[in-house]
Amino acid sequence: DVDVAFTPMDGASGNSFLAEAHDITEHNRAVGNLRESIESLEIRVEERTTSLQTEISTRREAEKQLRYLATHDALTGLPNRSLLRDRIDQAIVGAVRHKNIAAVMFIDLDGFKAVNDTLGHDAGDELLIWVAGVLRECVRATDTVARIGGDEFVVIITDATNHDTISIVATKVIERLTETVQITDAPVSIGASIGIALCPGDSTDVENLLQQADAAMYKVKSSGKNNFRFFSEL
């Protein structure tokens, strides 16, 4: 490779020129090598960028999964006790703001221990998953169903206008949970004892509402089970 320059030697006549030729083979080779290095670097940068984007996406997905596991029950996928408190707090704020009623329903299954002891823990887990699905079907999308441990569930009803609306939901829950269901090919029938606390009538505090609903539920347990009762009736 050469670089050639021509310079006129005799003024304007244009008859004589000085020709200079410079060998630029090494220069061009160096430029080519530099270009290849830059292209190789760009490829590596692009590959690393793609890798980093994948790592970031994976990390974000893992963080999302961790947040979900921290606030949801691993078996049923329902909100757990931690998220439940936040949902009750939101329901309290809404009830006070809109001057309506929010209800906290504490549900304890009747006969679950017998199923668990007779058919085994896998059957018990299958039954709990079924119960979670039934409770979801009994309420609106704006309400909350949570599992707080064992065979205990809590339902939050929002934007209720009176006791009758809440009684209808509680009755529907009991009717559905007393249906016979096939668990590991065996017919199973359970029930539910439900205690209900209302906001703002009974309290506007999260812990108080849970304790009041729990107390009403135990009153149902001690007086025949498979029924519901409002805390205000105690």
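Strand β8 (residues 191-199) is mostly covered, with nine of its nine residues buried (buried is under 20% relative accessible area, exposed over 50%, partly exposed in between, using a 1.4 Å probe and protein chains only). The model is predicted: local features need pLDDT of at least 70, side-chain atom pairs count only at pLDDT 80 or more, and totals for chains, interfaces and linings use all residues. Numbering starts from 1 along each chain as its sequence is written, and side-chain values use heavy atoms, with hydrogens and water left out. Helices (H or I, at least four residues) and strands (E, at least two) are DSSP runs, numbered from the N terminus.

**Strand β8**
- Both faces of β8 are covered. On one side, Gly191, Ser193, Gly195, Ala197 and Cys199 are buried. On the other, Ala192, Ile194, Ile196 and Leu198 are buried.
- β8 pairs with strand β9 (residues 228-230) in the parallel sense, over three bridges (strands pair if DSSP finds at least two bridges between them).
- Isoleucine 194 has phenylalanine 228 of β9 as its bridge partner.
- β8, helix α6 (residues 206-222) and β9 form a left-handed β-α-β unit. A crossover is right-handed if, with the strands pointing away from the viewer, the path from the first strand over the helix to the second runs clockwise.

**Strand β3**
- β3 and β8 run antiparallel, and nine bridges join strand β3 (residues 101-110) to β8.
- Methionine 105 has isoleucine 196 of β8 as its bridge partner. For leucine 109, the partner in β8 is alanine 192.
- β3 also pairs with strand β5 (residues 152-160), in the antiparallel sense, over seven bridges. Aspartate 108 has glutamate 152 of β5 as its bridge partner.
- Ten of the ten residues of β3 are buried, so β3 is largely enclosed by the rest of the structure.
- Both faces of β3 are covered. Ile101, Ala103, Met105, Ile107 and Leu109 are buried on one side. Ala102, Val104, Phe106, Asp108 and Asp110 are buried on the other.

**Helices α3 and α4**
- The axes of helix α3 (residues 112-119) and helix α4 (residues 121-138) come within 6 Å and cross at roughly 140°. Axes are lines fitted to C-alpha atoms, for helices over the stretch in contact, and angles run from 0 to 180 degrees between N-to-C directions.
- α3 and α4 are therefore oblique to each other (under 35 degrees is roughly parallel, over 145 roughly antiparallel, 65 to 115 roughly perpendicular, the rest oblique).
- α3 contributes Phe112, Val115, Asn116 and Leu119 to the contact, and α4 contributes His121, Ala123, Gly124, Leu127 and Leu128 (contact means heavy atoms within 4.5 Å).
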